[in-house]
Amino acid sequence: MRDKPPGDPSGRVTLADLNEAAEMVRELKKPGAAAKFVNWSRKHSLWPIPFGTACCAIEFMGMVGSSLDLSRFGAEFVRFSPRQCDLMIVAGTITNKMAPVLRTIYEQMAEPKWVISMGACACTGGMFNTYSVLQGCDRIIPVDYYVPGCAPRPEAVMYAILKLQERIGNETGVLGSKERHREAWIRGVKGRGRTPKDRLLRGGGE
Amino acid sequence: MKEAFPRSVECEEKLDLCAERMVLNWGPSHPATHGTLRVILTLEGETIVKCDTEIGYLHRGLEKLAEDWTYNQIVNISDRLNYCSVFINNVGWHQACEKLFGIQVPPRATYLRTIMSEVARIADHMVCIGPNCVDIGVLTPFWYTWNLREMAYDLLEFVTGARMTTAFTRVGGLAADAPEGLEERITKVFLPEVYRVMDELDSLLSKNRIFNDRTRGVGALSKEEAVSYGWTGPCLRACGVAYDVRAANPYLAYGDVDFDIPVGGHGDTYDRLFVRVEECRQSARIIEQALSKLPDGPVNADDKRVVLPRKDDVYGHIEGLIHHFEIVMFGPKAPVGAQCYDSVEGANGELGFTIVSNGTNKPYRMHVRSPCFYVFSALPRLVVGRLLADLPAVVASLNIIAGELDL
Amino acid sequence: MNQQAKPVIERLKSALGDKIQDVYEDARGLVVRVGLESVPAALEALRSDASSPFDMLTDITAVDWSRWAEETGTKESPPARFSLYYNLYSISSAARLFVEAFLKDGQEAPSATHLYASADWAERIVFDMFGIRFSGHPDLRRIYMPEDFEYSPLRKEFPRRGVDPQDFPQE
């Protein structure tokens, strides 16, 4: 609120105040203003849940540590509870045994949620093209950013988070993950993925 | 006072909540499970009555994969075993290979391998202590240990090119020689910091009343049981058994340097953590001595069948070209029917590799004896009868690395 | 290490007699080959050896020899499909010894859990990866693969990428 003029100690609402308020409402009514504000606050408070299974989790911890310090970008403390997070960082190899757990945790996260797939194993299965490894976490969850590397440097993951922040800030609407991943969802529904449990029963394949 | 909810006699009996047992699932996605483990607890109130573990959430089929890769490629698999102390795994694998092939590595390579193994050991102990403290509730040591770990990473990157997954050893020696300036970086920058951080950890934790209450007497195991469970490494030494592969069967340059083996008295969480702190000091001592004795010379054995020839040989002589081609395309070939087992002192214990060779460039069978596996098998024995809050402290002090546990 | 283990062999021979099929040395160290049913007796004798008790069972490994003849091009194949290696270590005398036993497919091996606590999980891995059962094991179930997995991954006929590999559908 602007300062009251010196000659009006009573604090009554004047016509100028009303004009100012009407101006603000007109600003907010413009398409995209509320979205801009919401997206701005979302991007600066991304709380990560590190779904860390293997070596990449150690590099993730390096990013959280004091040399790189993720919390200066708003990711204050990594919480392992999916209810309290909005950014899942899949760091490490996802095996067929772990896949249902990953899917459950992803579904337990509330909207809006984003996923960064960190490391070669999470992106594509990495160097482990074997009977027990899920060849990429994007087979079961939709991914926003892929960070290649084995293990990627913490700076690389930091770059992905910054890019994600930029993208969230540029969104023109207040989007949930379903809208963002519309295509991937359609593909999934059309039958590309069978359930992880079927894979396990059949001994390691999809 | 009139009660809001009148209770019948039956309800009175059922209100004794401690008599009801609860099954609690701990993991596999949990902040205090280091990596992916699952522990299924049966609790009576806060006391753990039964404990069952489930592992395999990071089983990547490494032994099966190794049957399809050449001996020099498998070092990448060894990288991902205990991913906190990667160089020790590299050395362990290639040492077993060299035993299989019957090759002697030149002294400069053994000393360099020793130095970088000890740097990796310090880094691994920092990974154990930092998150262990976080799990107990004290967040501060995590930052200090992680800073030291970043310095170890800087060193590893300086020598090998990679922070964590180094893959620097080859059959016959190392991939490349250490660059200039290594000695200065280690003695002037790294080692003073190691001693300083160990002293800091001592001052922060050893006399802290809460830390002592949370760790002393928690998760203790006797000597005989620990040996029967196959425990090795800092966990076994905390129980009072002075078994260290570096001393019992000296390999690399450990026979030429002086170091002590810290041994704990009670085998509890406190001992396991402080054995690691003391081991870091001993590792720093080993690095100092090895650096002062570092010999000059080649870093690869003089064996044309397994080691890449020099470039002027490759471009100048046909034999050099042929050897280069064969080693790069197919990799070194081991003798038929050779079987070998060799172990090194990993950061968690005795890391052993069993290799069976079928005469080709790929092993017929490769088996990893992972120290974490046997350490974790004793977890039910350690926590049954204790409170739920002791579980994260115990699990973290065992330093379970899922990559090694699940192979 | 082999030097310390040699006197033990003499004592073992006197304890077990003709149950020992062979004693040889290779890059593993000293290897004692016994028949499958004599494995517990051999382990017991080694564990309670007078001057260097082998108090730690470091590891139990199994090898599937079914592709050996094909891959090495030799005509002689090993006596049976699988062999079990028991890796024993004596802390007091820093001696290492291997006990080896061959077994056929479908044969049940005797468990060593009554002697060493580390045999519990080690035998579970062998069961999981090779399908070799151990009689007398208190809780023989899979340890790495899920309970409903139907195959034994480290057997030579099991493909590395699994029975139904995760390929992309051909579009």
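1. Chain A, order of elements. Along its sequence, chain A of this predicted model runs α-α-β-α-β-α-β-α-β-α-α-α-α. That pattern holds nine helices and four strands.

2. Chain A, burial and contacts. Chain A has 206 residues, and 42% of them count as buried. Taking the contacts in chain A with a separation of 6 or more, 79% are between residues 24 or more positions apart.

3. Chain B, a helix pair. Two packed helices are described by the angle between their axes and the distance between the axes. In chain B, helix α6 (residues 140–160) and helix α7 (residues 182–206) have axes that come within 10 Å and cross at roughly 165°. An angle over 145 degrees counts as roughly antiparallel, so α6(B) and α7(B) are roughly antiparallel to each other. The crossing of α6(B) past α7(B) is left-handed.

4. Chain B, the residues between the helices. On the side of α6(B), the contact includes B:Tyr144, B:Leu148, B:Met151, B:Leu155 and B:Phe158. On the side of α7(B), the residues include B:Arg185, B:Ile186, B:Val189, B:Phe190, B:Glu193, B:Val197, B:Glu200 and B:Leu204. By class, the contact of α6(B) with α7(B) has 16 nonpolar residues, two polar and three charged.

5. Chain C, the sheet. Five strands of chain C form an open sheet in the order β1-β2-β5-β4-β3, and the pairing is mixed. Which strands stand at the edges? They are β1 (20–26) and β3 (56–64) of chain C; each has a single partner strand, so one side of each has no neighbour in the sheet. On average, neighbouring strands of this sheet are turned by 20° against each other, direction ignored.

6. Chain C, one strand pair. Strands β4 (residues 82–90) and β5 (residues 95–103) of chain C run antiparallel and are joined by nine bridges. As an example to look up in the structure, C:Asn87 has C:Phe98 in β5(C) as its bridge partner.

7. Chain C, helices on the sheet. Helix α2 (residues 39–47) of chain C packs on the sheet and touches β2 (29–34), β4 and β5 of chain C. The direction of α2 makes about 170° with that of β5(C). Helix α4 (residues 119–130) of chain C also packs on the sheet, where it touches β3 and β4 of chain C. The direction of α4 makes about 10° with that of β3(C).

Key: Residues numbered from 1 in each chain as written. Chains lettered and ligands numbered in written order. Predicted model: local features only at pLDDT ≥ 70, side-chain atom pairs only at ≥ 80, totals over all residues. Pairing = 2+ DSSP bridges. Helix = DSSP H or I, 4+ residues; strand = E, 2+ residues; numbered from the N terminus. Axes fitted to C-alpha atoms, helices over the stretch in contact; angles between N-to-C directions. Contact = placed C-beta atoms within 7 Å. Buried ≥ 20, exposed ≤ 12 C-beta atoms within 10 Å, placed from the backbone. Parallel < 35°, antiparallel > 145°, perpendicular 65-115°, else oblique. Left-handed = near helix turned anticlockwise from the far one by under 90°. Nonpolar A, V, L, I, M, F, W, Y, C, P; charged D, E, K, R; others polar.
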